[in-house]
Amino acid sequence: MRAEIPVIAVLGAGSWGTALALQLDRSGSHSILWGRDPEQIESIRTTRRNSRYLPEIVIPASVGLETDIRAAVQAAHHVLLVTPSYAFADTIKTIRGVLKPGQGVAWACKGFEPGSGRLLHQVAAELLPEGVPLAIVTGPSFAIEVAMDLPTAVTVAGSDSKFTEVMAAALHGGRFRAYTSEDMIGAELGGAVKNVMAVATGICDGMSLGNNARAALITRGLAEMMRLGLALNARPETLMGLAGAGDLILTCTGDLSRNRQLGLLLGQGRTLEQALDKIGQVVEGVNSAVEVQRLAIANDINMPISEQVNGIIHKGWDPVEGVARLLAREQKAEY
């Protein structure tokens with residue numbers, strides 16, 4: 001292991017984990033991609049393609065592959081978790097016993113801990129030994145576009161400035177820009193709340209309500225994000241930056257967004273089960289809708305769009321009636 005070349009264990013061989021492993025390799029770092037399915041990893045090793053998630057992308061031989069999660073962590077300088085948010089805590093528990101002194105843990109998951117509404121850095125801080133450097137990689141970034149080396153910019157926000165810089169530098173290169181931040185609350189909140197707003201915008205477009213309605217939903221969704229951020233001590237500039245407004249715009253308007261796809265299908269009259277079956281992958285907005293509503297109630301924050309999305313997904317509310325309820329709200333000042 002050459003100390004001057006950082007080795008990053010990427011835990012999660014879905015589309016986003018694979019794309020980030022490719023970017024680390026492209027920028028001059030060494031990535032080791034771990035996946036929980038040994039057959040999938042063996043298929044990637046043989047074909048140099050992730051046929052399940054990114055079949056059109058060739059994975060260079062320089063990207064390492066591993067089926068033993070502990071071996072991947074032990075072989076790396078630092079760790080980058082790219083799992084669904086519901087698997088975050090269990091993954092942390094699995095690797096915490098093999099972390100070396102100074103080894104940092106970053107993640108590119110966007111969501112809340114199910115059942116508590118806690119942000120993932122709070123979960124990591126509780127489960128990991130004191131002093132482990134933490135960071136989140138977030139921002140407007142579709143996996144396929146990163147894998148294709150199309151221009152992308154993200155935010156790396158962390159608890160330790162040195163580790164944050166290391167992770168940003170490991171990713172930064174070519175057409176991929178990585179900015180740094182100390183505001184983990186804002187970075188995580190923006191990445192999670194935008195899931196809910198993308199479902200709302202998808203519902204709007206699925207019902208063919210027009211471009212005006214879409215723009216209004218995105219803008220008022222950002223206002224809800226800012227109100228919740230203020231209550232949780234997020235920095236406004238973070239929520240107006242890549243991790244907030246940037247990610248919100250992308251997922252609300254880009255049809256590659258699974259959250260937007262879910263909304264489109266719901267707006268077209270599909271049930272939640274039908275929509276999720278058609279998408280065939282984890283849609284973070286389903287859990288995020290519950291947790292955003294939980295946080296809104298706990299902090300006495302008015303978040304009517306989030307409330308309607310949660311009702312449509314989890315309480316069987318009719319999307320048409322949900323839109324009508326939003327339009328029937330009283331006239332008031334914008335700010």
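Visitor: Is tyrosine 179 buried, partly exposed or exposed, and what puts it there?
Guide: Keep in mind that this is a predicted model. Tyrosine 179 sits in strand E8, which covers residues 176-181. Its relative accessibility is 40%, and the middle class runs between 20% and 50%. So tyrosine 179 counts as partly exposed.

Visitor: Which residues is tyrosine 179 in contact with, leaving aside its neighbours within four places in sequence?
Guide: Take valine 154 to start with: 25 residues separate it from tyrosine 179 in sequence, yet the C-alpha atoms are 6.2 Å apart in space. Valine 154 is also one of the contacts of tyrosine 179. With the sequence neighbours set aside, the list reads Ala153, Val154, Thr155, Val156 and Leu242.

Visitor: What joins the side chains of tyrosine 179 and arginine 177, and at what distance?
Guide: These two side chains make a polar contact. The cut-off for such a pair of N or O atoms is 3.5 Å, and here the distance is 3.2 Å.

Visitor: How many disulfides does the structure hold?
Guide: Cysteine 109 is another buried cysteine, with a relative accessible area of 3%. For the structure, the number of disulfides is 0.

Visitor: Which residue forms a salt bridge with arginine 26, and where does it sit?
Guide: Arginine 26 belongs to helix H1 (residues 15-26), and its partner is 123 residues away, in the loop between helix H6 (143-147) and strand E7 (152-158). The closest N and O atoms are 3.7 Å apart, and the partner is aspartate 149.

Visitor: Which residues form salt bridges with arginine 118?
Guide: Side chains of opposite charge can pair when their charged atoms come close. Arginine 118 is partly exposed at 22%. With N to O distances of 2.9 Å, they are glutamate 113 and glutamate 126.

Visitor: Which residues are linked in a network of salt bridges?
Guide: The count for the structure comes to 12 salt bridges. The linked residues are Asp205, Arg214, Asp255 and Arg260.

Technical notes
Residues numbered from 1 in each chain as written. Predicted model: local features only at pLDDT ≥ 70, side-chain atom pairs only at ≥ 80, totals over all residues. Heavy atoms only, no water. Disulfide = S-S within 2.5 Å. Buried < 20%, exposed > 50% of the residue type's maximum accessible area, 1.4 Å probe, protein only. Helix = DSSP H or I, 4+ residues; strand = E, 2+ residues; numbered from the N terminus. Contact = heavy atoms within 4.5 Å. Polar contact = N/O pair within 3.5 Å; in protein donor to acceptor, adjacent residues only side chain to side chain. Salt bridge = Lys/Arg side-chain N within 4 Å of Asp/Glu carboxyl O.
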